[in-house]
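Here is a short report on one protein chain.

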Amino acid sequence: MSVNPNEKPEEGGEKPEAPETPVKPETPVKPETPVAPGAPAKPVMPEEPVASAVEGGESAPEAAAAAPGGGAGAGAPSGRRRLADALWPPRVTRAQLVVALLLACLGFGLAIQVSSTSEGSALRGARQEDLVRILDELDDRTQRLEDEKARLEKQRSELESSSDQAEEARRQTQEKERQLGILAGTVAAEGPGITLTVTDPVGAVESDMLLDAIQELRAAGAEAIQVDGVRVVANSYFTGGGEDMRIDGTPVTAPYVFKVIGKPEDLEPALNIPGGVVQTLEKEQATATVERSAKIVVDALRPAKRPDYARSSSP
């Protein structure tokens, strides 16, 4: 049954039902505004916190600066740039200056110590054969001292055990007098030894060179020394040089001939050590020759001189 909308409904009749209200359609989602080219992108907050530690040992600001896009820290300086800014220009404090000065003094002292330790060693460049020979010489010298000690101990035991101690003491006194006479130059001596001949064609040999030769021979165990007819003893002295060389005031001329009594196996190596007498004389265009002999006669004598002040302290 159709109803005319213009027709007035009858009274008492049934009212027509009102039409249903139409449903409003849902509002469509507004699309995102497109980003213009070149405009900075709007940062999106992450849902979870980002870890602060970055692999490789970089700090969080450096990692953020190195990340693609730069982020908020794109303009922050790099680690190398900050290190360069911290080192230059240099900022020197008073404490740093004091520490630098102390380190410089320490290095200077160490350099001096190393230099003084490395220098002055005449045997540093010596050959192995020379070093072995020097060690043998030292061993022989030690053996001589031990023999002398044993001899003195034997004399003491003989004095203590002898029935006639006065006669034994007299005999030992005479033997000691002969030994002291050899050392003092008042008694002639003979025995094995060497003959050292020093030629000086240019007159360059000085008195100190001959004195060095005497000292080397004494250190090697020389017991009696004679140079050109002059007996050399403990108080001998050398003066002048060249054509005016003197020993104890007595003139001597080249070639200088040394007659030395002692063990040849010790005397000759003592003169030929590196930097020793022979090499020193050769540098001055002089020559030194050593000849061993089973019998050397030292017959130059010195007069016995009575000391002016020294007196024997034995009763």
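Which residues does Asp266 touch, not counting residues up to four places away in sequence? Asp266 touches Glu137, Asp140, Arg144 and Ala220, where contact means heavy atoms within 4.5 Å.

## Basis

This is a predicted model: local features need pLDDT of at least 70, side-chain atom pairs count only at pLDDT 80 or more, and totals for chains, interfaces and linings use all residues. Residues are numbered from 1 along each chain as its sequence is written, and side-chain values use heavy atoms, with hydrogens and water left out.

## The chain as a whole

The chain has eight helices and eight strands. Both are DSSP runs, numbered from the N terminus: helices are H or I with at least four residues, strands are E with at least two. Of the chain's 315 residues, 21% count as buried. Buried means under 20% relative accessible area, exposed means over 50%, and partly exposed lies in between (1.4 Å probe, protein chains only).

Residues 24 or more positions apart account for 75% of them.

Asp266 sits in helix α7, residues 264–271. Its relative accessibility is 1%, so Asp266 counts as buried.

A salt bridge here is a side-chain nitrogen of Lys or Arg within 4 Å of a carboxyl oxygen of Asp or Glu. Arg144 is partly exposed, at 28% relative accessibility.

## Other salt bridges

How many salt bridges does the rule give? The count comes to seven. One of them joins the side chains of Arg178 and Glu175, at 2.4 Å from N to O. Both residues lie in helix α5 (residues 165–184), three residues apart, about one turn of the helix. Arg178 is partly exposed at 47% relative accessible area. Glu175 is partly exposed at 31%.

Glu268 forms a salt bridge with Arg292, with the closest N and O atoms 2.4 Å apart. Glu268 lies in helix α7 and Arg292 in strand β8 (residues 287–298), so the pair ties together parts that are 24 residues apart in sequence. Arg292 is partly exposed, with a relative accessible area of 42%.

## Packing around α7

Helices α4 and α7 pack at an angle of about 135°, with axes 10 Å apart. Axes are lines fitted to C-alpha atoms, for helices over the stretch in contact, and angles run from 0 to 180 degrees between N-to-C directions. The two helices, α4 and α7, are therefore oblique to each other. Angles under 35 degrees count as roughly parallel, over 145 as roughly antiparallel, 65 to 115 as roughly perpendicular, and the rest as oblique. Helix α4 passes α7 in a left-handed crossing. A crossing is left-handed if the near helix is turned anticlockwise from the far one by less than a right angle, and right-handed if clockwise. On the α4 side, Arg133, Glu137, Asp140 and Arg144 meet Asp266, Pro269 and Ala270 in α7.

Helix α6 (residues 207–219) also packs on α7. Their axes come within 9 Å and cross at roughly 145°. The crossing of α6 and α7 is right-handed. Ala213, Glu216 and Leu217 in α6 meet Leu267, Ala270 and Leu271 in α7.

## Backbone notes

Most residues other than glycine have a negative phi, and most peptide bonds are trans.

- Ala254 and Pro255 are joined by a cis peptide bond, with omega about -5°. Pro255 is in the loop between β6 (250–252) and β7 (256–261).
- Asp248 is not a glycine, yet has a positive phi of about 55°. Its place is in the loop between β5 (245–247) and β6. Asp248 counts as buried at 17% relative accessibility.
- Gln285, also not a glycine, has a positive phi of about 60°. Gln285 is in the loop between α8 (277–283) and β8. At 55% relative accessibility, Gln285 counts as exposed.
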